[in-house]
Amino acid sequence: MSTALVVGGGPAGLMAAEVMAKAGLRVRLIDQKPSVGRKFLMAGKSGLNLTMDKPLEEFLQHLPDWIHPMVSSFGPAAVVAWAQELGQDVFTGSSGRVFPVAMKASPLLRAWLARLDQLGGEIETRTVWDGTTPDTVTVLAMGGASWRRLGSDGAWVSRFPASDLAQFQPTNMGFEVPWSSHMERHFGTPLKNVAFVTEGKSHRGEAIVSARGIEGGGVYAVSASVRDGAPLIIDLVPDLSVAEVEARLNRPRGKASMSNHLRKVLKLDPLKLALLQEFARPLPAAAAEVVKGLEIRHTGPRPMDEAISTAGGLRAAALDENLMLKSRSGVFAAGEMLDWEAPTGGYLITACLATGRWAGERAAEYAANGE
């Protein structure tokens, strides 16, 4: 019987193990941590966002071109069907995000591991890959370089030539902001009903202001662009146009202070007012444009280990169309160790599952053909 080694017990590795076991290979999965799926479980603590309920063409716009074949083969609809096959009903939220009804990762992971066990797959934890690939085929799914305590430490890069690698960078992360003492009262307060603007596009989402800076879903949506040099811009009143803001600001204010005038005519909450005071005091004559495009001055991304995910890893040029390493026949790679990035909202998990499935299927074909 052909044998397969999977290195890494995250979504990509588990999916590769499952499809190869179904294909009749004897599969052994190793992971350096005491248990598998640790980052998967952590991601599910606030509700496991499996995918996004969007047409495939629109979904693919959020992923790099070279990942499109894998996600086209196993996209949002396939992820939903897969979860349901594991006994996990799902629902779609108002934003289009798809979650298990249980709102946790643990029931799905238990069912998934049980199925892998039924298929004869073996799991060895507390086992570090030694760099050898004695099995018929190997699928590497060792993750990126964030959340080291959960196993994604990026240490595997030492086993590959620099030419095969793109430097790791944080993505879906917050930014450090050197707040003045006046902002301390607002730490922990959510910033709601705003939009984050980058490259001419507006992204609705929330954020949290903390002593460390600013983070949250709205920030994550623009984090890659801001990391690469774009300004961090917030539209404080996304439901109003610049002209509408100007018209409201031009209303008589009598003896009211500018702060109270802004609060009354634009319905700005204390946090939004504080942000204007922090970054735009005194307000210029073109105050409407500032309210619609407030630049948050920051000192860069939070540390990479705090990022939800990372860009960088194995370059597309180091792999063939089957996700097999050009330098190592019979060795495939998948998941976050590949050089791609995507926003939160189910895109990350879906692409990890899809690349894991693609690598597992091609590895099984490679083993069957005796190549």
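In this predicted model, E18 has a relative accessibility of 2% and therefore counts as buried, where buried stands for under 20% relative accessible area, exposed for over 50%, and partly exposed for the range in between (1.4 Å probe, protein chains only). Because the model is predicted, local features need pLDDT of at least 70 and side-chain atom pairs count only at pLDDT 80 or more, whereas totals for chains, interfaces and linings use all residues. Residues are numbered from 1 along each chain as its sequence is written, and side-chain values use heavy atoms, with hydrogens and water left out.

E18 takes part in a salt bridge with K22, with a distance of 3.1 Å from N to O; a salt bridge is defined here as a side-chain nitrogen of Lys or Arg within 4 Å of a carboxyl oxygen of Asp or Glu. K22 and E18 are 4 residues apart in helix α1 (residues 11–22), so about one helical turn separates them; helices (H or I, at least four residues) and strands (E, at least two) are DSSP runs, numbered from the N terminus. In contrast to the buried E18, K22 is partly exposed, its relative accessible area being 47%. E18 also forms a salt bridge with R115, where the closest N and O atoms are 2.8 Å apart. Since R115 belongs to helix α6 (residues 106–118) and E18 to helix α1, this pair ties together parts that are 97 residues apart in sequence. Both R115 and E18 are buried.

The rule gives a count of 17 salt bridges. Among them is the pair of E58 and K54, at 3.8 Å from N to O, in which E58 is partly exposed with a relative accessible area of 35% and K54 is partly exposed with 23%. A network of salt bridges links E176, R212, E215, R302 and E306.

The chain is divided into domain 1 (3–169 + 309–369) and domain 2 (175–301), with bounds that come from an automatic or database domain assignment. The C-alpha centres of the two domains lie 37 Å apart, and their contact, meaning heavy atoms within 4.5 Å, takes 4 residues from domain 1 and 4 residues from domain 2. Between them the domains bury about 320 Å², 43% of it on carbon and sulfur atoms; buried area is the accessible area (1.4 Å probe) that two parts lose on being put together, summed over both. Of the area that domain 1 buries against domain 2, 85% is supplied by Q169, E341 and T344, more than by any other three residues. The rule finds 1 salt bridge across this interface, and R227 forms a salt bridge with E341, with the closest N and O atoms 3.0 Å apart.

Some features of the backbone also stand out, since most residues other than glycine have a negative phi, and most peptide bonds are trans. The peptide bond from R281 to P282 is cis, with omega near -10°, and P282 is found in the loop between α10 (270–280) and α11 (287–292). W147, although not a glycine, has a positive phi of about 60°; W147 lies in the loop between β7 (137–140) and β8 (165–171) and, at 19% relative accessibility, counts as buried. N193, likewise not a glycine, has a positive phi near 50° and is found in strand β10 (residues 190–198), where N193 is partly exposed with a relative accessible area of 40%.
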